[in-house]
Amino acid sequence: QVQLVESGGGLVQPGGSLRLSCVGSGISFRIYTMSWYRQAPGKQRELVAARTSGGTTNYVDSVKGRFTISRDSAKNTVTLQMNSLKPEDTAVYYCNAKGVFPSQNYWGQGTQVTVSS
């Protein structure tokens, strides 16, 4: 059974930092594109950052230069380092693993990030 478990969310002041982690079991991250999505209240879920098995990364424009996605395939872990956080970064953040086949699309349960003074 595939399971993705996120951690590291919380409450932080504007300008602060958080580091989200996602640990997987039941799959090997090595062959998956690993991504972080977020969903704010009343908004659609959006892709924040992704890292392919080949190492290619992409970010939504609003987080470029502030967020960094990294992965440790040996540990089946993907992290999202978030710096210079803004109130508009407030959302539930989800870890996603996507493989080659449509059935290979897995989600974590989400972790809340709140940026507020």
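**Lys 75.** I looked up Lys 75 and found that it counts as exposed because its relative accessibility is 62%. For the cut-offs, I noted that buried means under 20% relative accessible area, exposed means over 50%, and partly exposed is in between (1.4 Å probe, protein chains only). Lys 75 sits in the loop between β7 and β8. I also checked its distance to Gly 24: the two are 51 residues apart along the chain, and their C-alpha atoms are separated by 8.6 Å.

**What I'm working with.** This is a predicted model, where local features need pLDDT of at least 70, side-chain atom pairs count only at pLDDT 80 or more, and totals for chains, interfaces and linings use all residues. Residues are numbered from 1 along each chain as its sequence is written, and side-chain values use heavy atoms, with hydrogens and water left out.

**Asn 76.** Is Asn 76 buried or exposed? I got 11% relative accessibility, so Asn 76 counts as buried. Asn 76 is in the loop between β7 and β8. Its phi is positive, about 55 degrees, although Asn 76 is not a glycine. I wrote a reminder beside that: most residues other than glycine have a negative phi.

**Ser 84.** Here I found another positive phi, about 50 degrees, and Ser 84 is not a glycine. Ser 84 lies in the loop between β8 and β9. With 38% relative accessibility, Ser 84 counts as partly exposed.

**Strands and overall build.** How many helices and strands does the protein have? I got 0 helices and 11 strands (DSSP runs numbered from the N terminus: helices are H or I, at least four residues, and strands are E, at least two). The radius of gyration is 13 Å, close to the 13 Å from the globule rule for 117 residues, so the protein is as compact as a globular protein of that length. That radius is taken over C-alpha atoms, and the rule is 2.2 Å times the number of residues to the power 0.38. The C-alpha atoms fill a box of roughly 40 × 25 × 25 Å along the principal axes. I also noted that 40% of the 117 residues count as buried.

**The core.** The largest nonpolar core has 27 residues, and Trp 36, Phe 67, Val 78, Leu 80, Met 82 and Tyr 93 touch the most other members. Elements giving two or more residues to this core include β4 (33-39), β8 (77-82) and β9 (91-98). The largest share, 4 residues, comes from β9. My note on the term: a nonpolar core is a set of buried Ala, Val, Leu, Ile, Met, Phe, Trp, Tyr and Cys residues joined through side-chain atoms within 4.5 Å.
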